[in-house]
Amino acid sequence: MATIELSIDLGSKFITIYQKGIGLVLREPAIAIATKVRNRLEIRDAGYRAESVMTGSLGGARVIAPIKEGIIVDEEMATMLLAYFLKKIMPEGLFAPRVKAIVSICESSSSSDRRAVEKCCLKAGIKEVTLVESGLSLLAYTNSIGGLFVDIGGGKTEISAVTNHGIATGCSVNIAGDAFNDAIIDDLYRNYGVKVGEFTIENLKKSALSFYVNDAGSYAVSGGSADGSPRSLYVSAEAMRNAVIPLVDDIIEVIMSVLNQTPPELSAEILRKGIFVSGGSLHIPGLIEYMEQALELPVTPLKDIENAIAIGGAKFFDERDLLSDMLGVKLY
């Protein structure tokens with residue numbers, strides 16, 4: 001029986017899958033549109049197909065996001081969603097291949113969180129599952145012996161001081177892209193009395209939010225007023241930046257806290273190399289420069305900021321001994 005080896009990054013916003021010997025085979029939004037059939041939910045669409053109809057009429061269907069802040073909150077739907085995506089990438093044939101996976105998880109995952117991920121993967125059809133903290137996957141991505149890695153994702157920011165013997169210190173905070181969206185939504189309602197949906201704000205953030213202070217642009221946005229009537233207004237890049245800056249400052253404060261807890265030898269390595277960053281939020285113009293100025297250290301985005309965790313995790317298939325040392329367990 002053929003064996004397929006996958007590296008999977010189960011993110012709050014995206015599920016990313018890298019297949020050994022092929023490369024990236026899937027990156028899709030971690031959402032599904034489900035309908036009830038005979039008292040059980042069935043997936044109607046998922047990923048980009050689900051995202052494309054979110055703003056339209058769903059009828060009796062529901063939009064389900066089974067992963068929140070890096071944690072599985074709906075095991076049944078997470079299993080169905082992962083099985084749906086695995087089916088998309090499996091080769092056609094009479095006999096299904098045996099699937100082995102390295103799955104990157106949050107630094108702060110509890111034992112019950114880890115069990116939920118493992119259970120979903122096994123039920124989705126994966127025969128062998130190895131859980132790896134995302135900071136270890138990022139270290140593997142860089143082929144480095146150590147460093148400080150910050151991944152600003154959709155639901156969580158992961159901060160890890162890592163060596164090739166494992167994670168020296170680190171933590172996760174529930175401040176990332178979704179929290180940026182919420183801050184802008186709250187600011188618009190507080191200052192203008194306009195309620196704007198998450199989908200609208202996500203698009204506005206991607207196209208208009210900037211950390212460059214000389215960005216004086218303004219952008220039209222539509223929503224509903226307090227009485228439910230439609231209303232449009234112009235939102236400035238400065239207003240969005242001011243809404244988000246306190247959250248970025250909180251992330252920077254946590255990074256400094258992790259640095260202060262890092263062993264001296266690794267701290268010296270970090271001072272030489274600076275900080276490596278990944279995650280979709282780094283597409284925000286000027287964010288890296290803002291972080292560099294606040295941290296007084298070089299901040300270097302990884303080459304593939306969105307897929308680095310999945311790509312790095314795949315390297316462990318050829319370096320099982322290294323992964324064994326990092327996890328402190330013998331892998332076969």
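1. Strands β15 and β16 pair in the antiparallel sense over seven bridges, where two strands are said to pair if DSSP finds at least two bridges between them. Strands (E, at least two residues) and helices (H or I, at least four residues) are DSSP runs, numbered from the N terminus. Within this pairing, V221 stands opposite L233 in β16, and in the hairpin of the two strands, which has four residues between them, G228 takes a positive phi near 90 degrees.

2. Before going further, please keep in mind that this is a predicted model, in which local features need pLDDT of at least 70 and side-chain atom pairs count only at pLDDT 80 or more, while totals for chains, interfaces and linings use all residues. Residues are numbered from 1 along each chain as its sequence is written, and side-chain values use heavy atoms, with hydrogens and water left out.

3. Strand β15 (residues 218-225) is joined to β14 over two bridges in the antiparallel sense, and K195 has G224 in β15 as its bridge partner.

4. The largest nonpolar core has 49 residues, of which L148, F180, V248, I255, I275 and M291 touch the most other members. Such a core is a set of buried Ala, Val, Leu, Ile, Met, Phe, Trp, Tyr and Cys residues joined through side-chain atoms within 4.5 Å, and buried means under 20% relative accessible area (1.4 Å probe, protein chains only). Helix α7 (residues 237-261) gives the largest share of this core, twelve residues. Apart from this core lies another, of 35 residues, including L6, I64, I67 and I72.

5. The structure also holds one cavity of 30 Å³ or more. A cavity is a set of points on a 1 Å grid over the protein atoms alone where a 1.4 Å probe fits but cannot get out, and lining residues have an atom within 4 Å of a point. The volume of the largest cavity is about 50 Å³, a volume being the space filled by probe spheres set on the points, which are joined across faces, edges and corners. Among the residues that line the largest cavity are L10, I67, I72, L82 and C120, and the elements giving two or more residues to this lining are α2 (75-89) and α3 (111-123).

Methods
1 Å grid on protein atoms, 1.4 Å probe; cavity = no way out; pocket = protein on both sides within 12 Å on 5 of 7 lines; lining within 4 Å. Buried < 20%, exposed > 50% of the residue type's maximum accessible area, 1.4 Å probe, protein only.
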